[in-house]
Amino acid sequence: MAYSLIPEEVLEHVFSFLSSDRDRNSVSSVCKSWYEIERWCRRRIFIGNCYSVSAEMVTRRFPEVREVEIKGKPHFADFNLVPEGWGGYVKPWIRVMSGAYPLLEEMKLKRMVVTDECLDLISRSFNNFKVLVLTSCEGFTTHGLASIAANCRNLRELDLRESEVEDLSGHWLSHFPDNCTSLVSLNISCLGSEVSFSALERLVTRCPNLRTLRLNRAVPLDKLPNLLQRAPQLVELGTGACSAEIRSDIFSNLTEAFLACKKLRALSGFWDVVPAYLPAMYPVCSGITSLNLSYAIVQSPDLGKLVSQCINLQRLWVLDYIEDTGLEALSLSCKDLQELRVFPSDPFGAEPNVSLTEKGLVSVSEGCPKLQSVLYFCHQMSNAALITIAKNRPNLIRFRLCIIEPHAPDYLTLGPLDTGFGAIVENCKELRRLSLSGLLTDRVFEYIGTHAKKLEMLSIAFAGDSDLGLHHVLSGCESLRKLEIRDCPFGDKALLANAAKLETMRSLWMSSCSVSFGACKLLGKKLPGLNVEVIDERGHPGSRPESCPVEKLYIYRTVGGQRVDTPDFVWTMEKEEEVLLTE
Amino acid sequence: MRDTVHFGGGGAVNSGGSMSALSREENAATAAISSSEDSSSYPDDDSELELGLGLSLGRGGGKPPPPPAAAGGGVGSWDQYARILTAKAPSSSSSSSSSPPAHSAVSSQVRGWPPIATHRINSLVNHTKSPITEESASNVDNKRKNMTVAMDKINYRSSYTIKNVSSERGTTLKKSLFVKVNMDGVSIGRKINLHAHNCYETLGQTLDHMFTLDASACATRRSNVEEQVVIGGRGRHMRLLDGSSDFVLTYEDKDGDWMLVGDVPWEMFLSSVRRLRIRRTADANGLAPRSRGMNREC
């Protein structure tokens with residue numbers, strides 16, 4: 001047909017404009033020859049669950065990959081709900097890729113276990129390695145970082161976002177060779193102890209393209225100007241500790257240094273901030289689009305003064321010290337705001353310690369027309385407020401509300417918050433991510449199943465009355481990819497009735513619910529496209545009655561078969577073929 | 001640098017919130033699917049349930065699963081895990097402690113709630129350890145009080161007081177020394193910052209609190225009976241350092257040898273410790289003998 005007249009090179013060139021994985025997957029399914037052409041020219045791979053496919057399968061199909069992104073543990077691992085040792089090891093991937101992808105340039109890992117051995121292997125296997133991003137990873141020490149620094153001659157990005165690094169020595173930074181000038185981005189904010197400051201200074205000096213520098217807490221404020229002077233081209237800065245004796249020379253050095261940074265767009269860090277030093281940053285505020293004050297224990301009026309200077313702010317992460325009054329001021333001054341995250345300063349206090357209520361969020365929803373992403377921790381909420389927010393901001397894409405007390409009702413009516421969240425899903429038709437909290441009955445899930453058609457990720461805790469709730473979600477949410485549930489009275493019925501749905505999702509997490517071992521076994525047997533993992537630290541679930549609920553359940557679709565690295569508290573349910581073979 | 005902490009809160013387990021949550025779950029588990037108030041396509045009758053792939057539960061008689069609080073060690077202990085409880089509020093050795101709040105919020109007793117990433121929680125706790133100047137001290141006093149209360153609730157560095165902070169001369173932060181701590185019979189390992197302590201006593205107390213519930217959990221699993229190990233909301237304390245419990249604290253030193261904790265001066269211990277392990281006394285017999293004599297149960 002006409003296709004055969006189009007040379008492969010032309011097709012390949014056309015495909016090179018396709019960046020989205022979905023588009024590339026569609027293209028691959030057109031015909032065999034397109035499948036072949038596409039697979040040879042795919043350069044970027046995203047693996048949302050490291051156990052969904054094996055490294056061998058990936059490298060076999062896509063031989064010319066340059067950028068890899070892999071995620072490991074489920075999201076609830078961030079809150080200590082996944083026992084240590086569960087899995088998410090990157091080693092098998094690196095072993096395979098070290099042979100298959102010698103030209104690999106980028107590796108981005110999230111919630112994976114990375115050892116020093118892995119880092120060493122990365123540093124020695126890929127001559128053109130440029131970008132390493134480790135988000136919420138663990139298992140490595142500063143020795144591993146030293147390998148990366150020493151051996152990756154073209155390193156552009158080293159980003160250790162919120163990873164857990166065992167700090168053995170601050171001297172790893174000195175392992176960057178003197179001729180390393182390629183750094184563009186360095187994020188060491190998660191490191192606990194000091195790095196060698198002189199090594200850092202020299203590194204910053206010789207890397208003229210450095211645009212992102214996020215320091216760790218141990219870098220003192222009085223040394224910050226030294227770095228800024230050497231890198232006035234910085235676009236993103238994370239300060240170290242923001243405290244020092246109040247001295248005018250430090251203040252003037254700081255102000256001068258900031259004045260020179262005309263390209264600064266993002267600020268973070270601010271540990272231990274002494275409010276007296278904040279005005280030193282005022283000169284750059286009008287250019288700032290992203291401000292992360294979530295580690296800054298600073299209160300009004302200093303907090304408000306800083307934020308109101310940032311009139312072009314698009315993203316704000318802040319502690320609840322901002323209070324309703326601060327959020328109201330924000331809504332008046334920052335009309336470009338797209339993302340707001342408010343974290344609790346005292347999450348375990350029985351009583352609220354600040355005056356931050358639903359009113360703050362309502363103000364922002366009223367005043368900021370571009371607001372699309374919200375993460376909000378507070379102590380009280382009402383249906384009325386949620387309905388107002390929904391009406392104000394139908395363009396919301398992410399809405400994560402955490403009312404700190406589980407089962408907290410509408411504080412005005414003392415009833416459930418079903419209608420409030422219902423309004424959110426009904427009005428915000430593009431909603432992709434939702435986290436629920438407060439007192440909720442099965443009703444809210446009915447609303448979600450009916451309206452949340454674009455919802456991809458849903459997080460549920462302490463909510464619902466019965467399996468009906470889960471049934472609504474599984475049967476109604478057409479775009480659902482990730483569902484995570486804890487402490488809800490959901491059992492076997494809804495899960496089994498909607499078993500096929502699970503094969504259309506990336507994963508389902510359920511902990512402290514009422515799913516029985518028997519149901520897990522059944523799901524495992526009947527759905528070969530899934531791994532059904534029972535995570536239970538009380539010993540083999542077979543030692544308890546089949547009707548006994550399992551502690552935790554993690555179900556994910558996979559073509560990689562059963563895991564081979566499960567610890568002794570994880571059991572993958574047998575699939576039907578395996579059962580037949582043994583008979 | 002991430003410490004796995006039990007989210008704090010002292011005092012009674014039986015706050016109103018937690019009881020109602022439990023009873024709600026019991027109802028859900030024992031009752032058949034409750035019919036919704038308005039009409040819904042979801043069938044109320046079990047037998048009409050259309051199962052996607054013809055899957056059936058295969059439970060004889062269609063009995064619903066037993067309520068979580070039923071007798072039977074396995075099932076009964078389920079809700080203990082679902083609500084991992086912390087031990088009591090800091091002991092009298094802490095000068096800044098007050099009596100545990102009478103109305104502990106449910107949120108402060110539940111693992112992983114509120115859903116805040118561990119690194120963020122650690123950062124909140126660490127804020128009180130940071131150096132401050134004399135002039136800014138007054139500004140941050142209130143914040144410190146909050147943080148101290150939070151710290152007490154987290155029940156982590158119970159011996160730390162505000163006094164220590166003000167006496168520091170704005171010098172750089174002490175390096176942390178995180179070591180892994182494992183306990184026999186418990187798959188969850190923890191990490192602890194040894195530099196947060198300056199004597200064996202506080203270390204022992206902290207580990208005591210950290211692992212108290214795990215000790216009872218381990219006992220429950222082994223004995224497989226209905227033993228209510230958790231008494232009045234608190235676990236049995238292990239008193240690791242005085243040899244009076246079933247468990248003993250050991251550490252692996254730089255040479256890879258396992259030693260009993262407490263023999264050498266604290267500073268020496270800090271310089272050689274690589275990791276810790278809480279062992280059953282019976283299993284710890286082969287280790288270097290402790291200088292302080294005591295009777296051990298075998």
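These legends describe close-up views of a predicted model.

**View 1. A cis peptide bond in chain B.**
B:Trp113 and B:Pro114 are joined by a cis peptide bond. Its omega is near -5°. B:Pro114 sits in a loop of chain B, between helix 3 (78–82) and helix 4 (118–126). Most peptide bonds are trans.

**View 2. Positive phi at A:Ser136.**
A:Ser136 is not a glycine, yet its phi is positive, at about 50°. The residue belongs to the loop that links strand 4 (131–135) and strand 5 (138–141) of chain A. Most residues other than glycine have a negative phi.

**View 3. Positive phi at A:His407.**
A:His407 also is not a glycine and has a positive phi, here about 65°. Its loop runs between strand 16 (398–403) and helix 16 (418–427) of chain A. Is A:His407 buried or exposed? A:His407 counts as buried because its relative accessible area is 15%, and buried means under 20%.

**View 4. Strand 21 of chain A, an enclosed strand.**
Strand 21 spans residues 530–535 of chain A. Six of its six residues are buried, so the strand is largely enclosed by the rest of the structure. In a regular strand, side chains alternate between the two faces of the sheet. Here both faces are covered. A:Leu530, A:Val532 and A:Val534 are buried on one side. A:Asn531, A:Glu533 and A:Ile535 are buried on the other.

Helix 5 covers residues 91–100 of chain A. Its residues A:Trp93, A:Ile94, A:Val96 and A:Met97 are buried.

**View 5. What the buried side of helix 5 of chain A packs against.**
The buried residues of helix 5 pack against both strands and helices of chain A. The strands are strand 1 (44–47), strand 2 (67–71) and strand 3 (106–110). The helices are helix 4 (55–61) and helix 6 (116–125).

Conventions
Residues are numbered from 1 along each chain as its sequence is written. Chains are lettered from A and ligands numbered from 1 in the order in which they are written. This is a predicted model: local features need pLDDT of at least 70, side-chain atom pairs count only at pLDDT 80 or more; totals for chains, interfaces and linings use all residues. Side-chain values use heavy atoms; hydrogens and water are left out. Helices (H or I, at least four residues) and strands (E, at least two) are DSSP runs, numbered from the N terminus. Buried means under 20% relative accessible area, exposed over 50%, partly exposed in between (1.4 Å probe, protein chains only). Contact means heavy atoms within 4.5 Å.
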